[in-house]
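Hi,

Here is the structure I promised to pass on. Have a look at it first, and then read on for what turned up.

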Amino acid sequence: MSRHLNPAQKLAAQHVSGPAMVLAGAGSGKTTVLTARVAWLLTNNQAKTNNILLVTFTNKAAQEIKQRVHEQTNRDLPLCGTFHSVCAKLLRQSGGCIGVDPSFTIYDTADQLAALKQIYKKNHYDEKEYTPKAVQSVISKSKNELLSPTEYEQTATSNFQKFAAKIYNLYVEKLKDAQALDFDDLLLRAVELLRKDEQTRQRLQQQISHVLIDEYQDTNTAQYILTKLLAAPQNNLFVVGDFSQSIYSWRGADYRNMLALKTDYPNIKEYKLEQNYRSPQSILDAATAIIAKNTLHPILALWSEKEGTEKIITLSAQTGESEAAYIVQSMREQLQKYPAREIALLYRTNAQSRLFEEALLQAGISYHLVGGVKFYERKEVKDLLAYARVIVNPLDEVSQERAKKLGKRRLAALEASRKQLEKLSAEAPQEFLQQVLAATTYLGKYKSEVEEDLTRLENLEELVAVAAQFETVSQFLENVALVQDKQFVDGDVQGQDNSVSLMSLHAAKGLEFSVVFMVGLEEELLPHSRSIFNPEELEEERRLCYVGMTRAKERLFLSCARSRYQYGMRHTRLPSRFLADIDQSLLEKIDDGRTGDYPTQRSIPLVDQRTLVVDEEMIDDMLSGKMSIDAFIDS
C-alpha cells in the first residue's frame, strides 16, 4: 500500500490517532489517501470494518472507495455512504425513539414542492405573491442550519420571512401526517436523535472508533454537528478537503467548518497534499495566481512533475458568436489529438450553452450536456416558444395545449394582446418576446433569489437575445426548429466516447479532461454580476474559476468576448479581472480583430444599476491586459 503513496500522502494515511485534517489540493489524490487510510487502519489492527464510518457526498465516490478498499484488503466496508444514506439507515433503525416511523417515506425535491403547493391550495395562498419554490429554499436552508419552525419564526423580520415561517410550520405537520421525511430532515432528525437519545448515541459511539469524511469544505451546519457527535468521545476524526474548491455556498455548504475544526479540536493534526498528478505546472501556476487573491482561507501551493510545453491559450473575441466559432474550430483541431470524451467546455451560467450548442451542431460535432438539459429543450424556453407559436399560428394545437397548461388567465391575456403582438412579430422579434412575457406575466413564476429560478430567468433572457438577431418572429421560430431537428441524442453521461462534454463550472467539480475550454471570462459573467461588490461572494467566484482551470490535464483555453447580445441589445463587455491575475508569460494571446472603433465613451452596466463611464484609452488598456479590472474599478 505505502509503495504507491508519496511522502505527504503516506504521512496522512498513517496518522496514528486523534483528529486530523488533510488539505488536499486539486488532483492531489485525496481518494487514494482515504482508501490508504482505511487499509492502514485495517491491516495494522487499529480498527475492524464495522468500527469505521466513511462518509462521502456522492454515491459514486462511496462505491469507488468501497471497491478500492476491497481490492487492497479483501474486506468490505459496511459503514460507507453519503451523509443522507447513513442518516436514513440510522433513523430506520432507531428513529422511533424520537417519533420517526421506521417505514417513513423519503420526499425528494419534487415531492417537497408538491406538498408545499397542496398547503397553498388548502389555505388559499397566492403562489404569485410568495412562490412555493422561494419558501422551499428558506425551509431547506433553515433545516440545514438546524432551525425549527419556531426558531426560524423568531428571526423573521420581513413579510416574506413571516409567511415562510407560517408555511414551515404547516409543512412540518404535513410531513408528520404522511410519515415522511425530506432530504434535509434526514440530517436534522439524525442530529435530534443523537442529541436526545443517549442509548442510541452511546451505542454508536462505542461501535464507531474512526470517522472519515470526504469533501469536508462542502459540509453545512447539520453535517458539522453530526461529525462531532459521531466522532466523540475518541475523536478519531479524519477529514479531507480543500478550501479552494468550496463552490456550493448557495446549497448551504460552508468552508468555514474546516476552520471551526481547529477551534473545536485544538490538537488537530494538519497534513497538506500539494503534489498534483493531473495538470502541468503552467496550468497550476495560472490557477494559483487567481485563487491566491483570496484572503479568507488558506491557499495550497500546488506543484507538479508533469511537463507541459504548450501555453494556455487566451482568446479575446469580437462577439459571443465569434467566440463560439473560434472555440469550435479549436475543438475540431483538438479532436485530431484527443478522443471526444477527453474534451470539455465549461461556462459560468447554463444560458451560455446555447451559442456553443448551435455552433457545435453546425460543425457536426457531437456533444452532451452534463447535469443539464439542452437549451431549446428547457421548460421555460419551450413555454415562451409555445406562447410565440400561438400568436404566429393560432392553429398550432400542440402549442395551444402547452399554453393552456401554463394557465388559462395567462393565455387569455396573451390573446387580448394578439393584435399588437402580430404587428411586432413582423418587425421586432425581441420586443415581441418581451411583450409576450409582459402580457402573460410569465416571469412572475420565478424569483431571482432562488438559484434554480435565476437560471431559468437567464435562459429566457438568452432566448430574447437570440430573437434580436432575426427580422421576423417566423424566421426566429424557423431557426429554432432547424436547430432542434439537428440535436444529437443524449446517452448516459458515462461512456460518452464520441461526444464532447458541455457543463457549468459547478457541475465540473470532481471531473478531469485532457482539454478544457473555459468560456465567457468577462466581468458580470465570471465573476458573476451578483458577486462583484460582495467580498465573500467574489472569493467564491475565484474558487469557481480555480476549480474550472484545474480540471485540465493537458491543454487549457480561456476565452472572452468584447460584446454580447443581452436584453435584446448588443452590450460591451470587459475581460474578467481573473485574466489579468495570470502571469502573462504563461499565455498565448489570440485576438480575432476588431470591427470598427469603439466610441470615445460608453456606458458599462454593472450590478444594481450602477453605471461607469470610461474612455477609449482605459478600455484599450483593459483589453490588452495593461490595466487590471481592480485598478479600473478603483479609478
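A word on terms before anything else: a contact means heavy atoms within 4.5 Å. This is a predicted model, in which local features need pLDDT of at least 70 and side-chain atom pairs count only at pLDDT 80 or more, while totals for chains, interfaces and linings use all residues. Residues are numbered from 1 along each chain as its sequence is written, and side-chain values use heavy atoms, with hydrogens and water left out.

T349 touches E458, L525 and H528, leaving aside residues up to four places away in sequence. T349 is found in the loop between β10 (343-347) and α15 (353-363); helices (H or I, at least four residues) and strands (E, at least two) are DSSP runs, numbered from the N terminus. T349 has a relative accessible area of 8% and is therefore buried, where buried means under 20%, exposed over 50% and partly exposed in between (1.4 Å probe, protein chains only).

Now the chain as a whole. The protein chain has 27 helices and 19 strands, and 54% of its 635 residues count as buried. Of the contacts between residues at least 6 apart in sequence, 77% join residues at least 24 apart.

The sheet I would look at is an open one of 7 strands, in the order β11-β12-β10-β13-β14-β9-β17, with parallel pairing. Two strands pair if DSSP finds at least two bridges between them. β11 (367-369) and β17 (587-591) stand at the edges, each with a single partner strand, so one side of each has no neighbour in the sheet. On average, neighbouring strands of this sheet are turned by 20 degrees against each other, direction ignored. Helix α14 (residues 320-334) packs on the sheet and touches β9 (312-317), β10, β12 (500-504), β13, β14 and β17; the direction of α14 makes about 160 degrees with that of β14. Such angles run from 0 to 180 degrees between N-to-C directions, and axes are lines fitted to C-alpha atoms, for helices over the stretch in contact. Within the sheet, β13 and β14 (residues 552-561) pair in the parallel sense over 5 bridges, and M518 stands opposite L558 in β14.

There is also a helix pair to see. Helix α9 (residues 183-196) packs against α11 at an angle of about 30 degrees, with the axes 10 Å apart. The residues of this contact divide into 9 nonpolar, 1 polar and 1 charged (Ala, Val, Leu, Ile, Met, Phe, Trp, Tyr, Cys and Pro count as nonpolar, Asp, Glu, Lys and Arg as charged, and the others, Gly among them, as polar). Among them are L187 and L194 in α9, and I225 and L229 in α11.

Finally, some backbone details. Most residues other than glycine have a negative phi, and most peptide bonds are trans. Here the bond from A232 to P233 is cis, with omega near -5 degrees, and P233 lies in the loop between α11 (221-231) and β7 (237-241). The bond from L526 to P527 is cis too, with omega near 10 degrees; P527 lies in the loop between β13 (513-518) and α24 (535-549). Q179, not a glycine, has a positive phi of about 50 degrees and is partly exposed, with a relative accessible area of 40%. For T441, phi is positive and near 50 degrees, and this residue is partly exposed at 42% relative accessibility.

Best wishes
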